[in-house]
Structures are given as C-alpha cells and as structure tokens.
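Q: I would like to learn how to read side-chain contacts and helix geometry in a model. Please start with charged pairs.

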Amino acid sequence: MNTNILKDPPHNRFAEATKETVRNVTDSFQEAAQHATDAAREQVHRASEATRDTVHRAADATKEISHTISEKAGDALENSREYVRKNPMPVVLGALALGAAVGYLIVMSRKQEPTFREKYVDDPLRSAVDTLYASLAPLGQRFHQGYDS
C-alpha cells in the first residue's frame, strides 16, 4: 500500500537547513569577534608600549632639567657668597633696607578695623567732647579776659 507520505517531509528539511545556517552564522560571528578581540588586544599593546616609551623619555628629560637647575643654583649660590665676601657693607645695608621695607608693609597690612566699641561708643563720645570743648572755648576766653581785666 502506497500512502504517498514522504519519509522526509520538506518542512523537516527546512528546519534542518535553518539550524545549519544558524550554526554557520554563529560560528562566523564568534570567529569575527575573536579576530576583533585579537586586533583590539594588539592595539592596546601598541598604545601601552608607546605610552611607556613616552613616559621614559619624559622622565629622562626631567632628570636632565633637574640636574641642570641644580648645577645653576649651586653656581648662583657660590657667586653670591663671593659677592658678599667682597662687598659686605652694601649687602648688609641692602638687607637692612629690605627688612625695613618688608616690616613697613607688614605693619601697614595689619591696619585693624575699629572694634564695635570704638566705632559706636568711643568715636561718638570723642566727637561729642570735641564739640563741647569747641562750643565752650569762647566762653572760657571771656572768663579769662574778664579775670585778667
């Protein structure tokens, strides 16, 4: 008896072909991801090497500059010592003048604000006393003139 039923229907073959395609695409994506990861790792390694080289060059340049500055500072110190030995009086007078100027600036910068009492009690009372003396001065002169005569 022939029932005309296929042993392998087309939808089964389609499902199997789809699974195979998905496996192939997945494998391709994994392979591409691995290549991208390897390429990124190589780029990071190159950047790291370049950064390390730059840091080493900068450190060497800094050491050289520091050494040069140290030498120049030592030379300047030696020249200063020799100048002081040869010219002690101008150096002492210059130091004295500089100290006086700095002291004056410090004193002037410490000019204090008046306290609450000075601002609102002492100053008004002083003004009132001055005004009172000014108004009583003519009267005092008259008494003095009257006493003299």
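A: A salt bridge is a side-chain nitrogen of Lys or Arg within 4 Å of a carboxyl oxygen of Asp or Glu. This is a predicted model, in which local features need pLDDT of at least 70, side-chain atom pairs count only at pLDDT 80 or more, and totals for chains, interfaces and linings use all residues. Residues are numbered from 1 along each chain as its sequence is written, and side-chain values use heavy atoms, with hydrogens and water left out.

Q: How many salt bridges does a search of the whole structure find?
A: The search finds 7. One of them joins Arg46 to Glu42, at 3.4 Å from N to O. Helices here are DSSP runs (H or I, at least four residues), numbered from the N terminus. Both residues belong to helix 1 (residues 10-86), 4 residues apart, about one turn of the helix.

Q: Is Arg46 buried or exposed, or in between?
A: Buried means under 20% relative accessible area, exposed over 50%, and partly exposed in between (1.4 Å probe, protein chains only). Arg46 is partly exposed at 48%, and Glu42 is partly exposed at 36%.

Q: Which residue forms a salt bridge with Asp123?
A: Arg126 does, with the closest N and O atoms 2.8 Å apart. Asp123 and Arg126 are 3 residues apart in helix 3, so about one helical turn separates them. Asp123 is partly exposed at 33%, as is Arg126 at 48%. Another salt bridge links Asp122 and Arg117, with a closest N to O distance of 3.4 Å. Here Asp122 is partly exposed at 22%, while Arg117 is exposed at 57%.

Q: What about aromatic pairs?
A: Rings of Phe, Tyr and Trp (its six-membered ring) pair if their centres lie within 6.5 Å; planes under 30 degrees apart count as stacked, over 60 as edge-to-face and the rest as tilted. The whole structure has 1 such pair. The ring centres of Phe116 and Tyr120 are 4.9 Å apart and the planes are at 50°, so the pair is tilted. Phe116 is exposed, at 64% relative accessible area.

Q: Where does helix 3 bend?
A: A bend is the angle between axes fitted to the seven residues ending at a residue and the seven starting there. Helix 3 bends by about 35° at Ala137, and Pro138 follows within four residues.

Note on methods:
Helix = DSSP H or I, 4+ residues; strand = E, 2+ residues; numbered from the N terminus.
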